[in-house]
Amino acid sequence: MNLLPFVAAGIGLGSVYALAGVGLVVLYRSSGTLNFAFGALGAIGAYCTWSILQVGIPPAIAWAAGIAVATALSFAYGWLIAPLLRHRDRAVRAIGTLGFALFILGCTGLIWGEAVPRRLTLPTDKMYAMIFSVRVTYTRLLALLLALGMVGAIALLLARTRLGLSMRALAADRNISSLIGIRVVRVDAIAWLVSGVFAGVAGLLLADLVALNATFLTFLVIPAIAAAIFGRLQSLAATALGGLVAGITEAVLIAVPVGSFYRSAAPFVLALLFITLFGGRRTAVLHE
Amino acid sequence: MRRLASFLAAALSLAMVALATAPASAKPDCGLNNGKPATGEPIPIGSINGITGPDDFSASARAADAYFKCVNANGGINGRPIKYLIVDDQWRPDVASQVATKLVKDDKVVAMIGSNSIVECLANAGLYERENVMVIDIGVVHECFTSKNIVPFNQGPRLSGVGMLRYAADHLGTKKVACVAWNLPGVVDWLCGGFAAWGKKHGVTVQNVIIDPSSSDYTSAMLQAAALKPDTILLTFTKGGHIQSLAAAEEQDMGSKYKFVSLASGYVVGLPETIGKYWDGKFWTQLEFTPLDGTGPDNKNWLEIMDAYGNKSDPRDTFSQGGYLAAKVATQVLLKLDPAKIDRATVSDALRAVRDVRSDMMCGPWYIGNGKRHNANHAGMVAVASKGGWAPKGNCFEIDDPELDDIIAAEKAGAK
């Protein structure tokens, strides 16, 4: 069987994982918190966009509003809730975001539910590139570009700006950061704000590519964790690459008779193999 | 913090107000029709549904709820209101089992009406038999069609799929089918396996493409289906899976090369609009009941009850039709009983005696009876996506699934 079409399909899926994975790590790099609410924030933004589109408001405004909602909620968490957990360890802070994700999931369920069929489409769905005789839409390529764009933007922010320096300090050690005069709550809230913008944009793309379904989008962070492990929760570039590899592996497995039943486990199996083979001391960050 | 909490509380209250009951547009027909609210001792009836999870399966319960509200506002069951308890199993068998035990043992429900769940039948069939609880549900998995105490009002996905293939073979020239299904217990063998068994008898080849329900990759599934070189692709998902797979197929422009057909789970109002104009005349679905916009008295009454007693956001779909019919039959049965003697034993006996239920919402008569299993609804129709809606095609026809042999034999012996 010709596997190349599945590789092309995997690039599309990999772009989804890469985007979700980078979203997960972006806040970790800038404030030391693993953000499990990334998918849920994106989902609620996408639902708002859908609702606004239903009343006939121009798409650009609807997209902006969706991104604004995700950003505002993310900022609100970073400003109001995250400081309450500031002295707790990383695992507790990560679990806090999981609670936030479930809260948002509950709200979307209450407001929108899943009873009505919904789909969010973007103009880029109609444009495509042919890769190995498979159509890969511009939306998928856009997702990949956005993941890479996020990698570049965050790398620049962290390396080249004073704010980035404060964020790196915060991610490394909160107590020392506050002792040397970094305004911890403010920097943290900005990191959440930036993460919220990314979540909003990613939410629109993922709702288009995967499904406008809050549960699906919220729990997309689970395969994204596998991608993040490739980047050892540190390297955004390796996370994006890990997402791509996981996506391609999962897509190709459908053509393998037994593999097709277990293919959604592929990202995790790959991540485990990666830790086992290349983990060593550098995976210590995972245990912090 | 307090401000955020008040803001969220206000937003949620607003959303709930928006979801509140719509005003009545016509006086619907239900129960005693006397306009007097029932005030006696409530009669507990349960319903277990997959509400939160991959999809919301509560449409049937919402319709039954609207019907029972109408009954309660119109004299109830000879003065006693129905206390309708809808619970969510979260698509988890352990939760389904817990909530069923609570409904049966603590709430002491007299029957289960309008349930619809992927996991409930398998988890609770034994409990219902042991405790003599009759269930009138919308069956979506094999186990809903193999129990003495579970009586589906719908055909179920197996008959629905066979019906769709029968029409496709007769009218769309289908000879080779790719059956695309989720890897769920009872789905692959019972559905795709059943279609293959039917196909063998009718010169139609059926091959499978099985995908993990948690996968977000429908493009590969569609490519895999295309690699089998079929002329027809049969989708066996719920509406969420249909939307995802059709979007992936549209991306690859597969609609112009293959016929896309689905089980009745595709027959959802708003689905043609959601999937877009691309699928006009290209996406076919089977109907377990008659068309949603039917003008017969029962169908009109269902829609009027939904408008008067349901929420505006409640789906008016095929499952909703089934929930309405289930609630209507249950109400008619309860009304014939002495209100002082309504308990599980009397209700179960009375339900088992139900025969020859006819409605303009069904292609044939429906019954319960004493059979070891139930599948009374076995005639249907088809429709095709057209201009943002569904266009019914042809008339009702009987479905000739070999699995029905025992049911047909029992009917010939007088089970109807």
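Trainee: Which way does α5(A) pass α8(A), left-handed or right-handed?
Mentor: α5(A) passes α8(A) in a left-handed crossing. Keep in mind that this is a predicted model.

Trainee: At what angle do the axes of α5 and α8 of chain A cross?
Mentor: At roughly 165°, and the axes come within 10 Å. Angles over 145 degrees count as roughly antiparallel, so α5(A) and α8(A) are roughly antiparallel to each other.

Trainee: Which residues meet there?
Mentor: From α5(A), the list includes Leu142(A), Leu146(A), Met150(A) and Arg140(A). On the α8(A) side, Phe198(A), Val201(A), Leu205(A) and Asp208(A) are among them. By class, the α5(A)–α8(A) contact has eleven nonpolar, one polar and two charged residues.

Trainee: And α10(A) with α13(A), what's the angle there?
Mentor: About 25°, for residues 221-230 packing on residues 266-278, with the axes 9 Å apart. An angle under 35 degrees counts as roughly parallel, so that is the label for α10(A) and α13(A). α10(A) also passes α13(A) in a left-handed crossing.

Trainee: Different topic. How many residues of chain B are in contact with chain A?
Mentor: 42 residues of chain B, against 38 residues of chain A. The area buried between the two chains is about 3400 Å², and carbon and sulfur atoms give 59% of that.

Trainee: How many salt bridges between chain B and chain A?
Mentor: Four. Asp253(B) forms a salt bridge with Arg135(A), where the closest N and O atoms are 3.8 Å apart.

Methods
Residues are numbered from 1 along each chain as its sequence is written. Chains are lettered from A and ligands numbered from 1 in the order in which they are written. This is a predicted model: local features need pLDDT of at least 70, side-chain atom pairs count only at pLDDT 80 or more; totals for chains, interfaces and linings use all residues. Side-chain values use heavy atoms; hydrogens and water are left out. Axes are lines fitted to C-alpha atoms, for helices over the stretch in contact, and angles run from 0 to 180 degrees between N-to-C directions. Helices (H or I, at least four residues) and strands (E, at least two) are DSSP runs, numbered from the N terminus. Angles under 35 degrees count as roughly parallel, over 145 as roughly antiparallel, 65 to 115 as roughly perpendicular and the rest as oblique. A crossing is left-handed if the near helix is turned anticlockwise from the far one by less than a right angle, and right-handed if clockwise. Contact means heavy atoms within 4.5 Å. Buried area is the accessible area (1.4 Å probe) that two parts lose on being put together, summed over both. A salt bridge is a side-chain nitrogen of Lys or Arg within 4 Å of a carboxyl oxygen of Asp or Glu. Ala, Val, Leu, Ile, Met, Phe, Trp, Tyr, Cys and Pro count as nonpolar, Asp, Glu, Lys and Arg as charged, and the others, Gly among them, as polar.
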